[in-house]
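Here are my notes for anyone opening this structure for the first time. Have a look at it, then work through the points below.

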Amino acid sequence: MRKSRAAALHRPLFVTVIASCIFVGSSLCQSAAAFTENTLHSFCSEKSCADGGNPYGSVSMDSAGNLYGTTYAGGAHDAGVVFEIAAGTGQYSVLYNFCSVGLGNCGDGKSPDSVKLVIDTAGNLYGTTEWGGIINGGVVFELVRSGSAWTETVLYSFCSKSRYCHDGGAPYVGLSYAGEASGKPYDGQSLLYGTTYYGGTDTNGGVVFAVAPKKGMRKREAVLYAFCSQSNCTDGRQPDTPLYLDASGNIFGTTHGGGQFSAGTVFELSPNGTTYTEAVLYSFCAQTNCTDGSQPSGGVIMDSSGNLFGTTEFGGDAAGDGVIFSLSPGAEWQYGVLADFHGRDGSAPLGLLLDTGGNLIGTTLLGGAYKKGTVFEFNGSIQTLYDFCGLAICGNQPTAGMIQDSAGNLYGTTSSGANHRTSGIVFELSP
């Protein structure tokens, strides 16, 4: 499985955390930046964490302002939930409890991980789970609203083609679709794209896949590329971040490992008729002591000029707390480190968004004033917008990026803190 600081936080719900500030409301627990935090929901607020626990992914917002997300654990069967926070009222609701079908095998899926749900024009939700399905390889699921009720359908169950999981296994980073980057809503019919952490040609390589959401398609799931297809996995290994699709149908992403120096890659898949051609745009740790970064995290995003931006969880200068990087297109892609993290301004950055002003905004898993993670902005230098509190009952340690509304408010989750000290929260940050 994954070996990273983010992965190390996954799993246990109940762990003792030592407080590093005096009490909630103390000036020691406040961010120095001009952002105000509002906790929209603290998980494990209900008995036996029936409301869910450990939201490792981000949230999605529909056109009415309702927020949707998933938790890795908790719920009726301690297998995670899909939840909604209603706009205006802030009412929290569990829409679906995983492991509700086939309690022994969790045929409907188990433990949605770093998932940002896709919302279609009819309000239906699409996502993935890390485990469950036919032989516990994870699933792609759809939730359809009917009045006040929701019905789940498994669109695809991984590891179903062979015991070697040639179709992939553990699709835990969610789904993407063509037009998503431009803000186009999902039509509910076109292909959904994602990655699996293992499976494919090499058992531990992972794949990029496409899934057809509607029945009647000749082939429900197709592997577009299987990693470790090249000697020593120089083409990348174990993709573990969301995909980015440009207007031409090219697919961009990152791998946790592999590449020329076994420290991860940025890759591009280009359509070539009915197949895809893979190109490694950059292999990390090309510089001495990995000053160019190591193990990319959070995927990549693209600006209007075609430049790619992303982060690495490790590497950089002497601090080794990760970097923000860019890749500029040309005859060859040009790589550059935009900024190094140094603990106080964050450590282990895990996701970026590009705001209307051209600034990069993201989260860090660790670091900051209380060593529990930050929200930062980059515009020539790293500025801390918010320091997550070190007190155990505060939300802390975000493991995914955020979304931003038209008013500039930011929404996201933390994987830890709040009830039971490690259950996490959904938060809003307002400028």
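1. Let's start with a rule: a disulfide here is a pair of cysteine sulfur atoms within 2.5 Å. By that rule, Cys-285 and Cys-290 are linked, with their sulfur atoms 1.7 Å apart. The link of Cys-285 and Cys-290 is right-handed, with 95 degrees about the S-S bond. Cys-285 counts as buried because its relative accessibility is 14%; buried means under 20% relative accessible area, exposed means over 50%, and partly exposed is in between, using a 1.4 Å probe and protein chains only.

2. Some ground rules before going on. This is a predicted model, in which local features need pLDDT of at least 70 and side-chain atom pairs count only at pLDDT 80 or more, while totals for chains, interfaces and linings use all residues. Residues are numbered from 1 along each chain as its sequence is written, and side-chain values use heavy atoms, with hydrogens and water left out.

3. How many disulfides does a search of the whole structure find? The search turns up five. One of them joins Cys-99 to Cys-106, with an S to S distance of 1.6 Å. The torsion about that S-S bond is about 75 degrees, so the Cys-99 and Cys-106 disulfide is right-handed. Cys-99 and Cys-106 are buried. Another disulfide ties Cys-228 to Cys-233 at 1.9 Å, S to S, and the link of Cys-228 and Cys-233 is right-handed too, with 100 degrees about the bond. Cys-228 and Cys-233 are both buried. Elsewhere, Cys-389 is a buried cysteine at 3% relative accessible area, and Cys-394 is buried at 13%.

4. Five of the five residues of E3 are buried. In a regular strand the side chains alternate between the two faces of the sheet. For E3, both faces are covered: Leu-67, Gly-69 and Thr-71 are buried on one side, Tyr-68 and Thr-70 on the other.

5. What does E3 pair with? Two strands pair if DSSP finds at least two bridges between them. Strand E2 (residues 60-61) runs antiparallel to E3 and is joined to E3 by two bridges, with Ser-60 opposite Tyr-68. The E2 and E3 hairpin has five residues between the strands, and Gly-65 there takes a positive phi near 95 degrees. E3 also pairs with strand E4 (residues 81-85), antiparallel, over five bridges. Phe-83 in E4 is the bridge partner of Gly-69.

6. There is also an open sheet of four strands to find, in the order E13-E14-E15-E16, with antiparallel pairing. Its edges are strand E13 (244-245) and strand E16 (275-283), each of which pairs on one side only. E13 meets strand E14 (residues 251-255) through two bridges, in the antiparallel sense, and Tyr-244 stands opposite Phe-252 in E14.

7. Next, strand E22 (residues 360-366), where six of the seven residues are buried. E21 and E22 pair antiparallel over six bridges, and Pro-349 has Thr-364 in E22 as its bridge partner. E22 is joined to E23 by five antiparallel bridges, with Leu-360 opposite Phe-378 in E23.

8. Thr-374 is worth a click. It sits in strand E23 (residues 374-378), and is buried, with a relative accessible area of 0%.

9. Last, the aromatics. Rings of Phe, Tyr and Trp (its six-membered ring) pair if their centres lie within 6.5 Å; planes under 30 degrees apart are stacked, over 60 edge-to-face, and the rest tilted. The count comes to 23 aromatic pairs. Tyr-156 and Phe-158 have ring centres 5.0 Å apart and planes at 80 degrees, so this pair is edge-to-face. Phe-341 and Phe-376 are edge-to-face as well, 5.1 Å centre to centre with 70 degrees between the planes. This pair links distant parts of the chain, 35 residues apart: Phe-341 lies in the loop between strand E20 (334-340) and strand E21 (347-354), and Phe-376 in strand E23. Both Phe-341 and Phe-376 are buried.
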